[in-house]
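Here is a short report on a structure with several chains. Look at the model first, then read on.

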Amino acid sequence: MRIGVFVCHCGSNIAGTVDCHAIAERAAELKDVVYTEDVMYTCSEPGQAGIQRAIKEKGLTRVVVASCSPQMHEVTFRRCVEDAGLNPHLFEMANIREHCSWIHDDMPRATEKAYDIIKMAVAKVRTAEPLFPNEVDVNKDVLVIGGGVAGIQTALDLADAGLQVTIVERESTIGGTMARLDKTFPTIDCSACILTPRMVDAAHHQNIAIMAYSEVDRVQGYVGNFVVDIKRRAAMVDWTRCIGCELCVQKCPAHAPDRFNVGLAESKAIYIPFPQAVPKRAVIQTEYCRWFQQGKCRVCSRVCPADAIDYEQKDTYIQRNFGAIVVATGMDVFPWEEYYPQYGGGSIPDVISGLQYERMLNASGPTGGHVHRISNHEEPKNVVFIQCVGSRDESVGRPYCSSVCCMYTAKQAILTRNHCGPETNIFVFYIDIRATGKGYEEFIKRAQTEFNVNYVRGRVSKLYEEHGKVMVRGMDTLLGQQVEIPADLVVLATGTTSAEGAPQLAQALNISYDEFGFFKESHPKLRPVETNTAGVFLAGACQAPKDIPTSVAQASGTASKVLGLLSKDKLKTSPQIAVVDQSRCVSCWKCTDVCPFSAPEKQSQRDGSQKSHIIETVCQGCGICVATCPVNCISLKGFTTDSIIDQIEEALLA
Amino acid sequence: MSSTQDAIREAAKNALASGRVDYFIGWTQGHTPSEAIPAFIRRPEEVDRLIWSPLCHHNLVTFLKRKMPDPPESRIGVCVKGCDSRTLVALLQEGLVDRERLYVVGIPCAGVIDKRLVDALFTDEVTEIDFEGDLVTARTRMGESKEFALADVLLDQCGGCYSPNPRYADELVGDTLPESQGKPQFPGLEEFEALDSAAKDALLAEAFSTCIRCFACINVCPVCYCWDQCVNRSRRPALVGQKVDTKENTLFQMVHMFHVAGRCPSCGACDRACPVQIPLYLLHRKMNKELYEMLGFMAGMDVDEKPVFQTFRIDDVLGE
Amino acid sequence: MTAQTETRTRPVKVIAIVCNWCSYAGADGAGTARLKQPYNFRVLRVPCTGRIDPLLALKAFQKGADGVLISGCHPGDCHYSEGNYYARRKFELLDRMLPHLGVESQRFKYTWVSASEAARWQSVITEFVGHVQELGPREGRAL
Amino acid sequence: MGRLTYYPGCSLRHSAAEFDISTRLVLHKLGVDFVEVPDWTCCGSSPAHMTDHLLAQGLAARNLRQAATVGDEMVAPCPSCYQRQKDAELEIEEDPGFRQTVNEVLDLPYEGSVRVLTLPEVLLEKSGVEAIRRRVTTDLVKLRVVPYYGCLLGRPSSLTGEADEEQPTSMDRLLEAAGATVQRWNYKTECCGASVGMPKAEIHRRLSRKVLDQALEAGADAVAVACPLCHQNLDLRQVQINAAFGSSYSVPILYVTQVLGLAFGYSDEEMLLHKHAVDPRPLVAKAIKEAVAFREEEARLASEHEARQKMKEAAKQDRARRRAGRVPSTEEGGAAPEEAVPATSAHDREEEAAG
Amino acid sequence: MIRYDSEGAAQLRDRMLSRVKADVAACYQCGNCSAGCPAAFTFDYAPNQIMRMLQVGMLDEVLASSAVQLCVQCLTCTSRCPRNIDIAGIFEDLKTVAVAKDVRVPEDAATFNRVFLENVAKYGRLTEAMMLLRYNLMSKHPLNDAELGIPMLTKGKVEVLPKKAAGADEVGRIYRKSLEKARWEG
């Protein structure tokens, strides 16, 4: 056995706290280590070439690179040693950056620790065995969860490339948040004019199937072979018959809050969110329907020309197979009413959210695009915008920046000027203005100059009603003065949160999410659209708050990643899976009890007995069976019990 | 007592005569009337060898575990006491014995004798133990004789026994005893629990230092069935070192303890089998107490249940 | 300084066995954020806490570890769906039994740190190593 | 041991005697057992904690120690006293080292653990909304009040047990249980400026004026408070406010316990209403009188409604009888069912007139 | 022009972290504390400006400010701070620093506090009339609140002849011991 150890300086990232040269020299004394070297950047082209040269010239049979986290560069170095003719699993990484140099500052102690980490890696690689991947067939259909602008973009890109795509959308129409917006920044072009053609494209694309009013219920399987149960919610309307004529909506006598218009108007119990809905199909909201609540009415059933109403409809479940899954579940608006009692908590009618204001500005919205006070329908003289409501506010548990509010507030302020004329005073309370996109800063400047919007630097502490006005008590921190504005309309730049149910979906998909419910990408810079679960990808605001340009760009990036994955007919599976030493198996079947994937099976032996056998393509390599097997006859390749014990011993050896 | 014994003989005779079983496992008298030993009865005529008395402490379920019975297809009758039955249930829970090939004779048991307590009362070898109601008379080879109350020489776990009646049986002989009420008792732990960490460490070190790795505890354990493949014998993986010293011996015992966790009902067979008198009951019973407090779980109570570590509940209230 | 006081004051050795998907990534995150941590712990990466046999923790103590930390994904978030649920039961039992095996309860901990909880990793490992250091190096005999 | 102790504090002894008396009477009426903290002394609020931390906690700890000799809970009606003692309770409980430090300045050490409660907490926990409602004898429905919590009864919510520091609800619930009409307003927790009241009159005048203004804006006739300092600022100093701003406020300021007491049937004298600078007695008398009239009117309307319902029911039965009668015999036959309806209605009207 | 005092700033930050568990460095100057402050109109510096001064170590200027003395401790700033900083706690601590350092501020809070506490130290319980009288004398506003005197007296709201409470002597000792300690440690 000939082990080579390469210690990376990572510029000063490691060498700043760890004496890389010294530990490279010391490592040469370790058993079986025949070659060591410290390198400025191991991952660089010359760094990798050096490793390959050493493998050939020194006849190395195992390689350890002490550098960053394996999550960063394990793949890189495995490919590197493979290109030099070594099995990629005869390589081990020692993480002396994230787990050592970056968390310490005392060089002697950090160096000692780094050396221990290298010893552990050497111990592990010593018992490593060459591993070879299996190949499985790939299903080339793609599931896109969420039909907002990101989901639509990914679906169209994939469908144009020839893949079959299914969009599963929770609402009865695709379109997502963007469908509710009036204009988009920084161009002030009409949101619907951009989006609805794309919605129609998706609906008409021969490679796209849209399953609206449906939810992902359960996900099984693995990359290339996901098995997904989809729940189609009962719409109480037979969509194969419904023609979207809206006759039922016109005649329905039962009123319901209009969710699409964020409560600014009323809708009917039978409901089509907006005229350009795709698919344009009606849904009965049973909690408001007279038939379901009181057992009388059935007006919709009588007026429907297509005989589509079906009061007996039940949720249905279908199972489909996919090779890859794109999550594009988008965002929700921060529920400010629950968190900001100092702003009236929703009890002051003339204090509205940014999304409500979008609907108010919209020509096809509930006010026909007329800006007025909610309380008395008068045109407002003083309009106040308050930024960072539900963003950058730890007192409501939202420390992050929602990234879109500065821009949409500027847009809304400009539109307010257009709608209300020059006499209206427009104020924007801001803390910092974040205008980092193309043309964004210029847009803000136009708001301030061309549209005469008064930007006030400071937060608003309280809103209260007085003499028919909404009193805005704020601070102009640049003047060092408290300010009070008697406002007619207050628009809160409500921040973004993850979509409702995001954690549950993440759990079904086995992907990570942060404390706010945003899904976690595999690496923020190097793998921004992948997740840690192979075959599951992210697009749009479900990963972090994003504006439309960024969501769409990411969606196309996601599509290219999916295409890359599905361009192959077979996928290599990870060889780091469990394997049974049948000569030692005592057939206790505990492994079959605990495996989440049903990978262990009973295999008949020549002597008539049965022994456990693990189906290689099903095993995901978690190792639960390994820890459960009483005789330890199952071992997890790459993480054998002996290798763990060896590492523990090395770590504890003085 | 003798009526129970007769009933066992009757059950065995019927099972053998009808061809229901190939052989029947019960207890018979050992070399002297001071002990009972397991008996394998193959013919109806032999059933009179079977006995029942508080000397019948052996857990016969041990003979049903993996690689036993021999030959594998044989059908077997077996006697189980309340505590024995729970080990049988544990095997049934895992599907490791075929209940179709078993004929289980269940015996409600009011407690068995801890022979070690009797031996301790004499300097000479006890060769004869008689029972008369609650009175026990023991005689030695030299003829010394003492009388004492049965309750004084029962196994400590028998007092406050939680399952005196078998949890699983095809036929029940003798009168059922009142089921215990309330929480299960885990006797004999108070003194140990009260020790501080260092004292416990010292106590265990002393106890395990004498272990000779004879595997008696493991072989006699009815729910420990890996035989030659036991990880304690394994050199690869080298979880337990083959060196006989305190540290390795402790780990050796830990392997047994953690491997039977969730399936061990504290029947005490290991404890009685140990030739160097390591108090094996102590940690096993302590573990079962913790498991009870942790999940409200007791091993081998219900055939339809899964052993706790082969399943989970999402809403387990454990940890943070 | 006598030999005895030397052993009593030497830095303790802590083994942290963590799952690849959550806690290892959380520790990586802590590194990326330059969150300072104690020197005397060593991280061992396994795919899932479900992979960790409680006996491995005992093995670590037997081999001279002064503390053992197990950390994985939060219940419900396991990359393999269920691994940490099994682990939770096993390590709860170990946690309860260790004090009776002569290992003070502060020397063992099992917990959950997600990939996004860099700060939590820092506080978990700092507190744990701190508690172990308070108890000092183990001079156990049985384990 | 195990008893609730009562810490009146300096204000309640004199300037807010009516708060003290009404609190004692209300607790007594509700059957809440309590005993006064023996030999209590000033809690030091607010100068002590703005002067020295140890001094502040020492003064509070002395009272906790005194309370511990007779009980394990302490209610301090004055929110200021409450905050000081609660703060000391928490810091001493959390940090044994600090307990040691505090004990060094005390004559005798404090080793107990007394839980300090706000007055609304005690009323809601030890008695509850239902019990209060049951004991109401005087109808205060025409007494329109706004509950004014001020700073220290709601903030910080971690200390006061309120769910929300911007929108506390404990006083609302108490006043509603007493039968008063509680108006919604935005000034529940705005500061009246009391703690610097004496040194900087300007602050409290402006703030208190705003409170009075908002109360009137909300349609209230009176402000209910649970703090002697708030009371002093709003009531006693209303004259100063009027002088300073040329206003003519005359808003009665009632302690929440006075409202409860009045509802329980205690008299104006028992509730010491005469002690207030802005005399609340005319308002209270008017409200009680209006309530009586209102209830009478309500009862009248209800009985009328009931009578109408009865008649409708009778008419319905009548119709049903006739309709049923029509099938077997056609002798009545001439009367078409269409005609039967107006006939019944006329009958209804007669009966109504008779009723 | 000012020069930043990094060392002083670090010391101040540490003090607030240990005494109030509040990190002044977390302040991002949104001004919410100032916006909601009921007393800020009388301050020379708005609360957010005080926070900024603390961030750069301007302790002397902060202690000399009227803002610290005039803070009414209503906790509005603390409860609404988007960075969860206990601003009122910081102000309270600053008041004690001012007392310990015997900083003279042309506002009367310190005098009021001293008169109040000395009264309590003497009688055990606050005797409002005596305190008022003394305060008005010491602060040289003999007629301050005079219009209240009559209603207070007639309404029976003042105790005319103060009595010493049973625990008064101990209270006096607490007062002296605490301040003694503060002087030594300050």
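Chain B and chain D do not touch, and their nearest C-alpha atoms are 21 Å apart. This is a predicted model. Chain C and chain E have no contact either; their closest C-alpha atoms lie 16 Å apart.

Which two chains share the most contacts? Chains D and E do, out of six pairs of chains in contact. Chain D gives 44 residues to this contact, and chain E gives 51 residues. On the side of chain D that touches chain E, five helices each supply at least two residues: α1 (9-13), α3 (47-51), α4 (53-68), α11 (201-217) and α13 (238-245). The largest share comes from α4(D), with six residues. By type, this side of chain D holds 21 nonpolar, 12 polar and 11 charged residues.

## Domains of chain A

| Domain of chain A | Residues |
|---|---|
| domain 1 | residues 3-126 |
| domain 2 | residues 142-233 + 315-330 + 499-566 |
| domain 3 | residues 247-303 |
| domain 4 | residues 332-497 |
| domain 5 | residues 574-637 |

The centres of domain 4 and domain 5 of chain A, taken over C-alpha atoms, are separated by 61 Å.

## Two sheets in chain A

Start with the four-strand sheet. It is open, its pairing is parallel, and its order is β2-β1-β3-β4 (chain A). Strand β1 (residues 3-8) and strand β3 (residues 62-67) of chain A run parallel and are joined by five bridges. One bridge partner to find is A:Val64 in β3(A), which pairs with A:Val5.

Helix α5 (residues 107-126) of chain A lies across β1, β2, β3 and β4 of chain A, at about 155 degrees to β3(A).

Now the five-strand sheet. It is also open with parallel pairing, in the order β10-β7-β6-β18-β29 (chain A). Its edge strands are β10 (208-211) and β29 (536-538) of chain A. Here neighbouring strands are turned by 20 degrees against each other on average, direction ignored. Helix α16 (residues 548-566) of chain A packs on this sheet and touches β6 (142-145), β18 (324-327) and β29 of chain A. The direction of α16 makes about 170 degrees with that of β18(A).

How values were computed. Residues are numbered from 1 along each chain as its sequence is written. Chains are lettered from A and ligands numbered from 1 in the order in which they are written. This is a predicted model: local features need pLDDT of at least 70, side-chain atom pairs count only at pLDDT 80 or more; totals for chains, interfaces and linings use all residues. Two residues are in contact if their C-beta atoms, placed from the backbone, lie within 7 Å. Two strands pair if DSSP finds at least two bridges between them. Axes are lines fitted to C-alpha atoms, for helices over the stretch in contact, and angles run from 0 to 180 degrees between N-to-C directions. Domain bounds come from an automatic or database domain assignment. Ala, Val, Leu, Ile, Met, Phe, Trp, Tyr, Cys and Pro count as nonpolar, Asp, Glu, Lys and Arg as charged, and the others, Gly among them, as polar.
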